[in-house]
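Please study the sequence and the three-dimensional view before reading on.

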Amino acid sequence: MKLSFTLNGEPVAADVAPDELLVEVIRGLGLTGTKQGCGVGVCGLCTVLVGDRPVSSCLYLAACAEGEQVWTAEGLARAEPALIRAFAEQEGMQCGICTPGQVVTAAALAREHPAATDAELRHHQAGTLCRCTGYQTIFAAVRAYLDSR
Amino acid sequence: MASAAGPGGEIRPDAYRKASGQARYVADLSLPGMLHAAVVRSPLPHARITGVDASAALAVPGVAGVFTAADVTPRPYGRAVRDVPVLAAGRVRFTGERVAAVVAGTRRAAAAAAALVEVSYEELPAVLTAAEAITPEAPPVHDAPWDYRGAAVSAADGRNLQSRVVHGSAAEASAALGRADHVVDRVYTTPSGHQGYLEPQACLAAAGPGRVRIWATNKSPYRLRGQLAECLGLDPAAVEVEPVPLGGDFGGKGSPMDIPLCAELSRLTGQPVKLVLSYGEDLTATNPRHPARIRVQAGCDRDGRLIALSVRALLNGGAYAGFKPLATAGLHGIEDAALAYDIPAVFIESLIAYTHTVPRGHMRSPGSPQANFAVESALDELAAAAGLDPVSFRQRNLARAGGPGGHGREWAEARGSQTLAAAVARAGQQPAAVPPGWRHGTGVAVYAREAPPIRGTSVRLEPGPGDTVRVGVPIPETGTGNHAVVRNLLAAELGISPGQVEVVQLATSELPADPGVGGSRVTVGMAAALIRAAQAWRDRAGDGPVLAGTGADGTDQADGADGTPAVVSYCAQAATVAVDPGTGQVAVLDLTTAVDVGRIVSPRAHQMQIDGGAVMGYGFACLEDLLEEDGQLMAANLGEFKIPSAADIPPLRTVLVTGGQGVTSAGVKPVGELANVPVAAAVANAVAAATGCRIRDLPVTAERVYWALRGEAPAAQVQRP
């Protein structure tokens, strides 16, 4: 089936299977910043923005993105460099495999609730797991980004 | 917020790449003509394979082939013990074992076809726990395990043994226990757990005539090269392991895992082949942590001085021993149980059994979380028996500066006493906000770990563009920030800014050899190699500017035996918990970690080793259990196998006990495998302090506490180890 949506500000037209997942389509376009982790919508590695909402693209049928604005870490790096800078400067990462998901999740928070308290910030990021850092530098990165806006 | 300028404050070199989605991991790589593989796995713990019907799978469009043991090398592989078949031949030995592999043009087609491969089995009696496995009646998992290359056992050993390690004299420990005024004799168990790296295991292999190139989620490229060459019958020089970052390791990415299979599939199809596991495969069929049953007997005199300790550990090693690197096939954390203390008579026995369950491997400080939970819980029980509080009891028994180190070893220094005192003082500063009606208490635990011997790491320095130096290293960036550590160390050695150093991982043909990442060896080994390389570089630059050097290699001391006493790091933790007597729910209100440190090269990366370790320890203490049932791991996705999220973690506090004497002139101490270890005992000790109930089986769940508060065992007993 034919699918048209906007990916990181650019129009995309793709021929997809009805059961194809959004993460497969995005990665198939060479944008491998969106990672595949648990495959069951728990770890948050594959988080992308559909409109202003963070979704697990491993559970999201590509067909549902028809006509939507979709953003990944690669696009946010261009559109919102302060977000990437906050993660780099606060060292909000170690292995980096969850970092694009953390970045996208943080971008959603800035859209939904830019005045989030620290407790709200932690709750918001809880859908994206990190096994390396113990989360403290990720919290610091998201806080620095919200404060920079 | 620390400044972004200056050594240690620089932004890590991969930070922008990772945050912007530009960093490429194995699963992100493609080669022209690349095919995708999927694995057909056994649904039974022990069975004879009576037939494989691939006709339906071969009819799936895009399938290039379906392969079984008959198609691949019959040579088993492994890290020390070579007992792992590339594909199961004749019989399967665990639920999840590789039976066949499908190669197709797309990952979807490969997975769809794999589901259509019909394997027929004749089920055989299985042995699922270590305790059953070592009885004479147990079915043998392997007919002659001592015949495998690198086997750690002999035909004279008992049935189904992978590893037996003994230290000290059981008779002496037993005699000393007989003289003790107070004795405890308790059994503790820990479950199967998983490293929980979030990047699934993956491999891309490109085989050509008589050679193969490998990109893999493996942290020891040079060892992998040797393992692959041996298994595939190639010259090591014909195996090139290419540089690629890893998406987390924690001990789980040191094994050859599915890499020999991927290489064989590339050879068989004549195309590059990529195999990326599903996370369910990672959880159930790779190399998770050994579950353990540990009996601790400890005795002290009337003054609370420990006089004897006996630790007998029985661990489930699963169907193959090949994912463990030590020649003994043991876990050094078991051998090093109670290393923090000066105890006159210590006996330690570690038995690891073959069973028809998933093969076990290394996980962050292998063996230590299990042994530390058992010993540090038992010490609290002994302190109570002796009428002493747990902190002063430990202070009486920690190894002291000037005396022998733990287990009678020679140490440069022993700073356990200060470290424990620092943890207790800091934890006491925070009054706990206890919910009404809940009980609360604080527990402590201590861990000591020796820095590993330095051995066989190499680096290469070359002039880079402009005023820069390029340093080639043999190790992947596993996530710890090890490349930033190299950058900062070299900059300090050469007196230049970190921004003038570029760090690159080189392919395995570029440097002599390296033992890889693991065993807390990277910072100390790299420091030793960099000091030598920087010296050679400065010598060549002579009186000219330091950046006029023309290239230099540095290798650390290959034997590591420079005669200096071992460097040891202490870690002490204090956990404050609140327990709801109605439900058994445990809330960790505060987790304070004190670490005995030397020079810190990358402060934030160092702190993340502590925070990340403490959080991983919290998962081990309270959440994580792969839940074995009839030989199958039931927690087969990250929803069932719950690792700590941002919403789960307790407040974390750290005290750095500075001024420690580190390794080499760089003065560094390892930090990566400390803070994950004592958490579980600290939490269990805190629950006991809060409620009077002792939890001896991890994790400390609400259900266990609920039943303990009522003086009963949980309704369903778990199978372990």
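A nonpolar core is a set of buried Ala, Val, Leu, Ile, Met, Phe, Trp, Tyr and Cys residues joined through C-beta atoms within 7 Å. A residue is called buried if 20 or more other C-beta atoms lie within 10 Å of its own. In this structure, which is a predicted model, the largest nonpolar core has 293 residues. The residues with the most contacts inside this core are B:Ala101, B:Val102, B:Ile214, B:Val577, B:Val683 and B:Val687. Helix H16 of chain B, residues 679-691, gives the most to the core, with eleven residues.

What surrounds B:Val102, leaving aside its neighbours within four places in sequence? Its contacts are B:Ala37, B:Ala38, B:Val40, B:Ala57, B:Val63, B:Val66, B:Ala110, B:Ala113, B:Ala114 and B:Val117.

In strand S21 of chain B, residues 568-579, B:Val577 points the same way as B:Ser569, B:Cys571, B:Gln573, B:Ala575 and B:Val579. The other way point B:Val568, B:Tyr570, B:Ala572, B:Ala574, B:Thr576 and B:Ala578. The residues on both sides are buried, and S21(B) is accordingly described as mostly covered, with twelve of its twelve residues buried.

S21(B) also pairs with other strands. Strand S16 of chain B, residues 439-450, runs antiparallel to S21(B) and is joined to it by twelve bridges; in one of the pairs, B:Arg449 has B:Ser569 as its partner. Strand S22 of chain B, residues 586-596, pairs with S21(B) in the antiparallel sense over nine bridges, and here B:Gln573 is the bridge partner of B:Thr593. S21(B) and S22(B) form a hairpin with six residues between them. In the turn, B:Gly584 has a positive phi of about 85°.

A helix of chain B may now be considered. Helix H13, residues 482-494, has 13 residues and reaches 18 Å from its first C-alpha to its last, close to the 18 Å expected at 1.5 Å a residue. Is H13(B) enclosed by the rest of the structure or exposed? Twelve of its 13 residues are buried, so H13(B) is largely enclosed by the rest of the structure. Among the buried residues are B:Val485, B:Val486, B:Leu489 and B:Leu490, together with B:Arg487 and B:Glu493. The cover over the buried residues of H13(B) includes strand S18 (469-473), strand S19 (501-505), helix H14 (522-541) and H15 of chain B. After H13(B) comes B:Gly495, whose phi is positive, near 70°.

The contact between the chains takes 46 residues from chain B and 41 residues from chain A. Helix H1 (15-19) and helix H15 (603-623) of chain B each supply at least two residues of the side that touches chain A. The largest share of this side, six residues, comes from H15(B). By class, the side of chain B that touches chain A has 23 nonpolar, 15 polar and eight charged residues.

Chain A itself has six helices and five strands, in the sequence order β-β-α-β-β-β-α-α-α-α-α. Its radius of gyration is 15 Å, close to the 15 Å that the globule rule gives for 149 residues, so chain A is as compact as a globular protein of that length. Its C-alpha trace spans about 45 × 30 × 25 Å along the principal axes. Buried residues make up 54% of the 149 residues in chain A. Among contacts in chain A between residues at least 6 apart in sequence, 62% join residues at least 24 apart.

How values were computed. Residues numbered from 1 in each chain as written. Chains lettered and ligands numbered in written order. Predicted model: local features only at pLDDT ≥ 70, side-chain atom pairs only at ≥ 80, totals over all residues. Helix = DSSP H or I, 4+ residues; strand = E, 2+ residues; numbered from the N terminus. Rg over C-alpha atoms; globule rule 2.2 N^0.38 Å. Contact = placed C-beta atoms within 7 Å. Nonpolar A, V, L, I, M, F, W, Y, C, P; charged D, E, K, R; others polar. Expected span 1.5 Å × (residues − 1). Pairing = 2+ DSSP bridges.
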